[in-house]
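Student: Could you take me through the nonpolar interior of this protein, and then the rings and the sulfur link around it? I would like one connected walk-through, please.

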Amino acid sequence: MPTKLSNAGLFFVIGGLFCLVNSSVLIAEANEANHYIEFYEKWDEDCEEKGGARVFVKNTHQTQIIDLQLDRYFYDVRQAGRSMFPLKPDGSQALGCSRVFDAEQRWELVAASFISEAAAEERYGDFQ
């Protein structure tokens, strides 16, 4: 004999589906933010003396702030700590020189997600 789904049971099923879809959208948006991050190098007198160039990271999105997490590698060894900061739309941040003490230095993107200005200020304080 078929049983009827109670209102509470129906609410639970619909709520679960909503959470699943909503979390999938958040994951997709976080992954989408990765596509708007670019690393590039520019000539810099200080870095050229060390045999390299200045490394920058840029947010290429025109309207969204992106919250970044970066790891730094020196001599191909991950360094302690993690750089975490927001980047405004179309904004760049200098990271350091590509070479130091005759060794290569690089940064790798760990995570990137869109963040509101209010959330960025709450997390990092006033940012430029």
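**The core and its surroundings**

Tutor: Happy to! Nine residues make up the largest nonpolar core: Ala33, Ile37, Val57, Ile66, Leu68, Leu70, Phe85, Leu87 and Ala112. Such a core is a set of buried Ala, Val, Leu, Ile, Met, Phe, Trp, Tyr and Cys residues joined through side-chain atoms within 4.5 Å; buried means under 20% relative accessible area, exposed over 50%, and partly exposed in between, with a 1.4 Å probe and protein chains only. The elements giving two or more residues to this core are β3 (65–74) and β5 (83–87), and β3 gives the most, with three residues. Helices (H or I, at least four residues) and strands (E, at least two) are DSSP runs numbered from the N terminus.

Please keep in mind that this is a predicted model, in which local features need pLDDT of at least 70, side-chain atom pairs count only at pLDDT 80 or more, and totals for chains, interfaces and linings use all residues. Residues are numbered from 1 along each chain as its sequence is written, and side-chain values use heavy atoms, leaving out hydrogens and water.

Now look at Ile37: leaving aside residues up to four places away in sequence, Ile37 touches Val57, Lys58, Asn59, Ile66, Leu68, Leu109 and Ala112 (contact means heavy atoms within 4.5 Å). There is also a second, separate core of five residues, including Cys47, Phe74, Cys97 and Ala103.

Cys47 and Cys97 form a disulfide, with their sulfur atoms 2.0 Å apart (the cut-off is within 2.5 Å). The link is left-handed, at -75° about the S-S bond.

Phe74 leads on to the rings. Phe74 and Tyr75 form an edge-to-face aromatic pair, 4.9 Å centre to centre with 70° between the planes. Rings of Phe, Tyr and Trp (its six-membered ring) pair if their centres lie within 6.5 Å; planes under 30 degrees apart count as stacked, over 60 as edge-to-face and the rest as tilted. Phe74 is buried at 17% relative accessibility, whereas Tyr75 is exposed at 54%.

Finally, Arg106 lies over the face of Tyr73, at 4.2 Å from the ring centre. For this, NZ of Lys or CZ of Arg must be within 6 Å of the ring centre and within 35 degrees of the ring normal.
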